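The stops below are meant to be selected one after another.

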Amino acid sequence: MKPSIILIAEHFQGRLMPVTFELMGFAGELRKLVQMDIRMILLADRPQRLAEEAAGAAEVDIAAVQVPGLSAYNGEAYLHILKGLLHGAGASYICVPHTSQGWDFAPGLAAALRAACITDVQAVEPDGERPCFVRALYGGKVAARVRPNTEPTVVTVRPGCFRPPARPISTGTVIVTKAAFPPGMMQAMRIRPPEAGDPGLSQARVVVAAGKGIGKKENLAMIHQLAELFSKAAVAGSRTVCDLGWLSSRLQVGLTGATVAPDLYIACGISGASQHVAGMRGSGFVVAVNTDRTAAIFNESDVCVVEDLTRFIPAFIKAAAAGGAPRAGGARGDCGTE
Amino acid sequence: MEILVCVKQVLESWDSVGIDIPGSRILIDPSASYRMNLFDEFAVEEALLIRERLPGTKVDVLSVGPGRAAMAARRAMGMGADRGIHIVAREETYTDPFVISSLIARYAEGRQYRLILTGVMAEDDLQGMVGPMTAQLLSLPCATAAVRERISEDRSAALVERELEGGFREELEVRLPALLTIQSGINRPRYPSLSNLLRAKGAQLESVQADALCPPENRQEVIRPALPEKSRAALFLEGTTEEKAKGLVAILQQAHLL
């Protein structure tokens, strides 16, 4: 069987997820390095409509696998069915979105197929005649290239890194097949929607976020004081700070929390691990304050301040007041910068 | 009921990580200090909470790595784990997760663990693979990123809540034996108690040489590590604290952000 690039579609509550289209973009990049056909597999109890939508987005043939009873994601079912479909099927690269679905089944699938497994891939690059895959190590401080030494290779692709393909001239074909829902040990029961997010956070023009570097809960006071310098500002936190209960989890910015895109994002004592950055990457202007000059957050910042925030923030507040900065919501003072 | 918790020792700080000038190797400061992977602390704590709830439960903890990695197992015993195992492996800057999973699976095979817990990922490599791969090798059902779990009184199943994107949660039922990977925030890990620490210090860890477990070949390797490209301007302010503060005020005013 001809070696091929296989993509695994992701859908949730009846909708095809945007990462599915990004996966097609990733495959396009990969195909520049390896001459292989691209095919997509979609598992669902009613795959037809979703598969047609996917086929319309790129010249990719879709195997729409109808699995009676698979009305929601079930990690065990995905693993079992994909193992059966892909074993000996000539897949060289099996590409999965790096999401709560993808990282749930992809590593086990790789182990079952005796494949290499590279997760959270941000880019693909040539490595001689073959591709290698770029991912972060050490909290984002190092960009490593990982070279698979065996075939197939299972890759999970970081959301937001690859552009979906432009509208194709012709669409892929959809072939519907069936697979049985495997009897198993896991049963999906229900999805709980999130608590209402903090409206202040999503509408804020300026977000001041506190990370582990604030050291203690009491230092949140200066974070609030900093936010008060700006109009329409909100305080947020990294996962660590919210896990510790110092801030409500509704104020958590990151992959599993809120995604914000304010005009100004001030990251205080935040290391910049990818899970946090995923939630604020779209911000207009980013300032980071951290004592570690090599912190990953500085790679995502416009202005970098290597300082202890417990000293810097008070100094900034003082300088802002002295510089005649406009008070929140008020008229401009004579800043003298025009 | 027997629980196995897999813990990883990671660097205390990424300050200790560097890249050699040709960009071919990751360098770790030999005097660096280490600690337990944060996500694994949550896993150990969850196992201890289960033991408190379900009498007759025993918690084993296992760490894979060079000599220094035994410290992670001892730390877990300091928190209260009953027994520690150290699988002694060579010092490497990058180990194939499949190799680690194979070592754990070979150790655990036939040992009747009803539940295996790992952290959702390691803070150093952020891969999230060892848990699900180990489950596959042991033919155990696996659920990742658990933010809540409740084992039934008869120990036959667990009700698990998985964390999804955007604050959604997935509830599922998993029959035991099973493997769960644990997400941060599920509990508040306890500090080791003095008595447990003393007990852990003197305790005999079961020590197993990795080679004795016949690890497989690496399926992947890290090549050409580099410092990542900056996605933004990354202007570093210089001077005293006060000078930087004034500089930032000026920049923000210039950009009409202040």
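What follows is a tour of a predicted model, going from the contact between the chains to the sheets and then to some backbone details.

**The contact between the chains**

Begin by colouring chain A and chain B separately and selecting the residues at their contact, to which chain A gives 98 residues and chain B gives 81 residues. The size of an interface is often given as the accessible area lost when the parts come together. Here chain A and chain B bury about 7,900 Å² between them, with 55% of that area on carbon and sulfur atoms. Between the two chains there are 49 residue pairs in polar contact, counting pairs with both residues at pLDDT 80 or more; on the side of chain A that touches chain B, the residues divide into 50 nonpolar, 23 polar and 25 charged.

Another is formed by the side chains of A:R190 and B:E171, at 3.0 Å from N to O.

**A sheet of ten strands**

Now select strand β13 (residues 186-192) of chain A and strand β11 (residues 169-175) of chain B, which pair in the antiparallel sense over six bridges, with A:A188 standing opposite B:L172. Extending the selection from this pair brings up an open sheet of ten strands with mixed pairing, in the order β13(A)-β11(B)-β10(B)-β9(B)-β12(B)-β8(B)-β1(B)-β6(B)-β7(B)-β13(B). Its edge strands are β13 of chain A and β13 (206-209) of chain B, each of which pairs on one side only, and neighbouring strands are turned by 30° against each other on average, direction ignored.

Within this sheet, look at strand β9 (residues 142-151) and strand β12 (residues 178-182) of chain B, which run parallel and are joined by three bridges; B:C142 has B:L179 as its bridge partner in β12(B). Helix α4 (residues 102-112) of chain A packs on the sheet, touching β9 and β10 (157-163) of chain B, and its direction makes about 115° with that of β9(B). Helix α4 (residues 130-137) of chain B lies across β8 (115-119), β9 and β12 of chain B, running at about 180° to β12(B).

**A sheet of six strands**

Move on to the open sheet of six strands with parallel pairing, whose order is β15(A)-β14(A)-β16(A)-β17(A)-β18(A)-β15(B). At its edges stand β15 (233-237) of chain A and β15 (235-236) of chain B, and each has a single partner strand, so one side of each is left without a neighbour in the sheet. Helix α6 (residues 220-227) of chain A lies across β14 (206-210), β15 and β16 of chain A, at about 170° to β14(A).

**Backbone details**

Most residues other than glycine have a negative phi, and most peptide bonds are trans. Against that background, select A:P152, in the loop between β10 (142-148) and β11 (153-157) of chain A, where the peptide bond from A:E151 is cis with omega near -5°. In chain B, B:L176 and B:P177 are also joined by a cis peptide bond, with omega about 5°, and B:P177 lies in the loop between β11 and β12. Finish at A:R114, which has a positive phi of about 55° although it is not a glycine, and which lies in the loop between α4 and β7 (116-121) of chain A.

Notes:
Residues numbered from 1 in each chain as written. Chains lettered and ligands numbered in written order. Predicted model: local features only at pLDDT ≥ 70, side-chain atom pairs only at ≥ 80, totals over all residues. Heavy atoms only, no water. Contact = heavy atoms within 4.5 Å. Buried area = accessible area lost by both parts, 1.4 Å probe. Salt bridge = Lys/Arg side-chain N within 4 Å of Asp/Glu carboxyl O. Polar contact = N/O pair within 3.5 Å; in protein donor to acceptor, adjacent residues only side chain to side chain. Nonpolar A, V, L, I, M, F, W, Y, C, P; charged D, E, K, R; others polar. Pairing = 2+ DSSP bridges. Helix = DSSP H or I, 4+ residues; strand = E, 2+ residues; numbered from the N terminus. Axes fitted to C-alpha atoms, helices over the stretch in contact; angles between N-to-C directions.
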